[in-house]
Amino acid sequence: MDLGPHAAFIWASYGAFVLILMLLICWIWIDGRRQARALADADRRGGRRRSGGGAQEGTR
């Protein structure tokens, strides 16, 4: 495969794309774990979710 005189730029672009994609995947994975931990912590402390099954007692 001959990429011509712009081969370095093309390979650097592919490398930057892969690096940024991997960073985004890691960021989403780490943030998902942090959010799950925060939800578990809120559940353990008795926090209620608004989407957790309709109206709570005493609110209607």
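Is arginine 34 buried, partly exposed or exposed? I found a relative accessibility of 45%, so arginine 34 counts as partly exposed. My cut-offs are under 20% relative accessible area for buried, over 50% for exposed and partly exposed in between, with a 1.4 Å probe and protein chains only.

**Ground rules.** I am working on a predicted model, where local features need pLDDT of at least 70, side-chain atom pairs count only at pLDDT 80 or more, and totals for chains, interfaces and linings use all residues. Residues are numbered from 1 along each chain as its sequence is written, and side-chain values use heavy atoms, leaving out hydrogens and water.

**Overall fold.** I counted one helix and zero strands in the protein chain; these are DSSP runs numbered from the N terminus, helices being H or I of at least four residues and strands E of at least two. Of the 60 residues in the chain, 0% are buried. The chain exposes about 5900 Å², with carbon and sulfur atoms supplying 63% of that; the areas are Shrake-Rupley values with a 1.4 Å probe, and for residues only the protein chains shown count as cover.

**Annotated span.** From the unreviewed UniProt entry I noted a "transmembrane region" annotation over residues 6-30. Such annotations may be inferred rather than shown by experiment, feature names are shortened, and positions follow the numbering used here. In the model that span is 96% helix and 0% strand, and its end C-alpha atoms lie 36 Å apart.

**Nonpolar patch.** Phe17, Val18, Leu21, Met22 and Ile25 make a nonpolar surface patch of about 480 Å². Patch residues have over 30% relative accessible area and no salt bridge; like charges are joined within 9 Å, and nonpolar side chains (Val, Leu, Ile, Met, Phe, Trp, Tyr) within 5 Å. I checked leucine 21, which sits in helix α1 (residues 7-44) and is partly exposed at 38%.

**Salt bridges.** I found three, each a side-chain nitrogen of Lys or Arg within 4 Å of a carboxyl oxygen of Asp or Glu. Aspartate 31 pairs with arginine 34, the closest N and O atoms being 2.9 Å apart. These two are three residues apart in helix α1, so about one helical turn separates them. Aspartate 41 bridges to arginine 44, with the closest N and O atoms 3.0 Å apart, and also meets arginine 45 at 3.3 Å, N to O. Shared partners join Asp41, Arg44 and Arg45 into one network. Aspartate 41 is partly exposed at 27%, while arginine 44 is exposed at 64%.
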